[in-house]
Amino acid sequence: MKKSTELKKHLRRGNVYRRNDLEKWSNSVDRHLTELVSEGTLQKLSQGLYYYPKETAFGIVPPDEKVLVRSFLKDSKFLLTSPNDYNRLGVGTTQLYNKRVVYNKKRHGELELGGRKFFFHIKPRFPKEVTQEFLLVDLVNNLDALAEDTNLVLSKVQSKVKTLDMEKLRQNVKAYGSVKAKKLFLPMLNTQHNQSYA
C-alpha cells in the first residue's frame, strides 16, 4: 500500500487541511501531498492549504468559506462578510462585488484561497455575527470605497435608522464605528432617543 493511501484514510471529505495538520500521518508529507494532488484526491488551494473535495450528483462542491478561512487563519475568531451584504439593508446599494472581507486579529492584505479573493483586515473588535445594525455601521465606515451614490445612500441610511433596534445600533456605533460613522449616527440616535421620551 502506498504511504499516500495511508494518509488518505485520515482525510474527511469537505475538510480543508494545512500541510502541518497532515504531518502526523506521514513521514514524507510533501511527497505524499504531491501524489494526492496529482491523482486528484486533494486540491491545492494556496501555499500549504489543501481541500479534500466533497462530491455530489452535480459535481464537486467548493470548500465552505468559513471552513476555508478558519483553516487558513488557524483560528475561529473572525467575521466573514461582503459588500454585497449591504444590499439587504434596502438603503440604495445595488452593486455586486466579487469580494469577501475577513475581519480578524492576525492577517492583513488581499489573498487568493481556492480561486476566491479574500480581503483580510486586522480589527481590534468585531462582532461574532453579522446583524443589520452592524452592517449599517460597516456600510458607513466603507462608503467611500463603494461604487454607489453616496448622498442617496446616506439619505436612506437616516430612514433605516428608525427601523432598527436603537440600543443595538448605539452599541454597534460605539464599538465598531469610524470617527466619520460616529459623527453621522450620534445626532440621529440622540434625536430618536429624545423623540421616544417626548
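Me: Which backbone oxygen does the side chain of S71 reach?

Reply: This is a predicted model, and the distances here are computed from it. S71 lies in helix α4, residues 65-73, and its contacts beyond four places in sequence are V16, R18 and L49. The side chain of S71 comes to 3.3 Å from the backbone oxygen of V16.

Me: Is S71 buried or exposed?

Reply: Buried means under 20% relative accessible area. The relative accessibility of S71 is 14%, so S71 counts as buried.

Me: Which residues of α4 are buried?

Reply: Helix α4 covers residues 65-73. At its start, a side-chain oxygen of D64 reaches to within 3.0 Å of the backbone nitrogen of K66. The buried residues of α4 are L68, V69, S71, F72 and L73.

Me: Which residue with a positive phi follows α4?

Reply: Helix α4 runs over residues 65-73. With a positive phi, near 55°, the residue that follows α4 is K74.

Me: In which strand is T81 found, and which side chain does the side chain of T81 meet in a polar contact?

Reply: T81 is part of strand β6, residues 78-81. At 5% relative accessibility T81 is below the 20% limit, so T81 counts as buried. A polar contact of 2.9 Å links the side chain of T81 to that of D85.

Me: Which residues does T81 contact beyond its neighbours within four places in sequence?

Reply: Contact means heavy atoms within 4.5 Å. L186 is 105 residues from T81 along the chain, and their C-alpha atoms are 25 Å apart. With neighbours within four places in sequence left aside, T81 is in contact with K99, R100, V101, Y103, V130 and L135.

Me: Which backbone nitrogens does the side chain of N104 reach?

Reply: N104 has its place in strand β7, residues 100-104. Its relative accessible area is 0%, so N104 is buried. One backbone nitrogen, at 2.7 Å from the side chain of N104, is that of K106. Another, at 2.6 Å, is that of R107.

Me: Which residues does N104 touch, not counting those up to four places away in sequence?

Reply: N104 belongs to strand β7. Not counting residues up to four places away in sequence, N104 touches L73, K77, F78, F120, H121, I122, K123 and F126.

Me: Why is the pair of Y103 and F134 edge-to-face?

Reply: The whole structure holds 4 aromatic pairs. Planes over 60 degrees apart count as edge-to-face. The ring centres of Y103 and F134 are 6.3 Å apart and their planes meet at 85°, so the pair is edge-to-face.

Me: How many residues apart in sequence are the parts that this pair ties together?

Reply: Both Y103 and F134 are buried. Y103 lies in strand β7 and F134 in helix α5, so the pair ties together parts whose separation in sequence is 31 residues.

Me: What is the angle between the planes of F118 and F120?

Reply: F118 is buried at 0% relative accessible area, and F120 counts as buried at 1%. F72, F118 and F120 form one aromatic cluster. The F118 and F120 rings are 6.4 Å apart centre to centre and form a tilted pair, with a plane angle of 45°.

Me: Which element gives the largest share of the largest nonpolar core?

Reply: The largest nonpolar core has 20 residues, and those with the most contacts inside it include V91, L136 and L139. Two or more residues of this core come from each of α5, α6, α7 and α8. The largest share, 5 residues, comes from α5.

Me: How many residues are in the second, separate core?

Reply: V69, L73, F78 and F118 are among the residues of this second core. F118 is buried, and V69 and L73 are buried residues of α4. The residue count of the second core is 14.

Me: What is the radius of gyration of the chain?

Reply: The C-alpha atoms fill a box of roughly 80 × 30 × 25 Å along the principal axes. Of the 198 residues, 39% count as buried. A compact globule of 198 residues would have a radius of gyration near 16 Å, but that of the chain is 22 Å.

How values were computed: Residues numbered from 1 in each chain as written. Predicted model: local features only at pLDDT ≥ 70, side-chain atom pairs only at ≥ 80, totals over all residues. Heavy atoms only, no water. Helix = DSSP H or I, 4+ residues; strand = E, 2+ residues; numbered from the N terminus. Buried < 20%, exposed > 50% of the residue type's maximum accessible area, 1.4 Å probe, protein only. Polar contact = N/O pair within 3.5 Å; in protein donor to acceptor, adjacent residues only side chain to side chain. Core = buried A, V, L, I, M, F, W, Y, C linked by side-chain atoms within 4.5 Å. Rg over C-alpha atoms; globule rule 2.2 N^0.38 Å. Phe/Tyr/Trp six-rings, centres within 6.5 Å; stacked < 30°, edge-to-face > 60°.
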